[in-house]
Amino acid sequence: MAGLPDNACPMWIDTHCHLDAPEFGAEAAAERERARAAGVAWCVLPAVRAADFARVRALAHELGDVYALGIHPLCVAEADEADLAALQEALERWAGDPRLVAVGEIGLDFLEPELAAEPLRGKQLAFLRAQLELAQRHGLPVILHVRRSVDAVTAALRALARAGRTVGGGIAHAFNGSLQQAQALLALGCRLGFGGAATFDTAQRLRRLVTGLPLQALVLETDAPDIPPQWLYVPAAERAAGRPMPRNTPTELPRIGATLAALRGLQPAELARATAANAAQALPRLGALIAAEGGR
């Protein structure tokens, strides 16, 4: 597979994992070791707010992983121009860091009515455009949040391209759009992230995408501690009765991958190799690290 050393062993890459989240706390390193023992060779740690940039970077270095810097659309309400300035400064300061692989997590979230309406809709879009321009300026791909907003995110990418400032691809995280929306993002050089949501028997539309899209379109993720797979999910009625939802972790990725491999009629190792190669191509600095370390 392109982007990996010729002798690479099968490896799982979690392209979206928030190990800096409060749910992990002091257990982040131990959780990462459990995932590594399960075969998860790399995790991509995306920041969500400016205040977290240094901590996410330090954690990625501590754990031997990679990271992205960005302002999440759900954090835009509390953000201002100083946060964008902080992102620009961080990208400049750590430009030579091989573990800085993308600008992210950035994008749009139109799930809740207040997020889809003004003023937050316009503010999210302004932050997305500013961060796309920073990614283009620094030659970095993007990690995109596209919840109920695929068309608007795609339009922002196309507008930048029309201005001659194309972003160098990236990943549309937790993709759950239509086939046509998937094809539009693929045409812009993005890969599509799939994880726990596609393990549900009831997720028929999402599963059709997992099986019908070209294999080179897919990367895997957990979004830990969020988006638990079916085997961890606790229904609302049980949660109301006091049973907590277990946190999702990167250790679940191989089982998620095996579930999606079965949907495509592949062996897990085949899907691991293919999606690792796709991740390496979507995030070239990650690909360089994998090549330098022999795939671990």
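The model is a predicted one.

Start with strand 5, which covers residues 142-147. Is this strand mostly covered or open? Mostly covered: five of its six residues are buried. Strand 5 has strand partners too. Strand 4, residues 100-109, pairs with strand 5 in the parallel sense, over six bridges. How does the chain get from strand 5 to strand 6? The path runs through helix 6, residues 150-162. This β-α-β crossover is right-handed. As you look along a strand, keep one general point in mind. In a regular strand, side chains alternate between the two faces of the sheet.

Now find Q124 in helix 5, which spans residues 120-138. Is Q124 buried or exposed? Its relative accessible area is 1%. The cut-off for buried is under 20%, so Q124 counts as buried. Which residues does Q124 touch, leaving aside its neighbours within four places in sequence? The contacts are P73, V76, G107, L108, D109, F110 and L115.

Next come the helix pairs. Two packed helices are described by the angle between their axes and by the distance between those axes.

Take helix 8, residues 204-212, and helix 10, residues 253-264. Their axes come within 8 Å and cross at roughly 75°. Angles of 65 to 115 degrees count as roughly perpendicular, so helix 8 and helix 10 are roughly perpendicular to each other. Helix 8 contributes R207, V210 and T211 to the contact. Helix 10 contributes T259, L260, L263 and R264. By type, the contact holds three nonpolar, two polar and two charged residues.

Finish with helix 11, residues 268-282, and helix 12, residues 284-292. Here the axes come within 5 Å and cross at roughly 120°. That angle makes helix 11 oblique to helix 12. Which residues meet? From helix 11 come A279, A280, Q281 and A282. From helix 12 come P284, L286, G287 and I290. This contact divides into six nonpolar residues, two polar and no charged.

Notes: Residues numbered from 1 in each chain as written. Predicted model: local features only at pLDDT ≥ 70, side-chain atom pairs only at ≥ 80, totals over all residues. Heavy atoms only, no water. Axes fitted to C-alpha atoms, helices over the stretch in contact; angles between N-to-C directions. Helix = DSSP H or I, 4+ residues; strand = E, 2+ residues; numbered from the N terminus. Parallel < 35°, antiparallel > 145°, perpendicular 65-115°, else oblique. Contact = heavy atoms within 4.5 Å. Nonpolar A, V, L, I, M, F, W, Y, C, P; charged D, E, K, R; others polar. Buried < 20%, exposed > 50% of the residue type's maximum accessible area, 1.4 Å probe, protein only. Pairing = 2+ DSSP bridges. Right-handed = clockwise from strand over helix to strand, strands pointing away.
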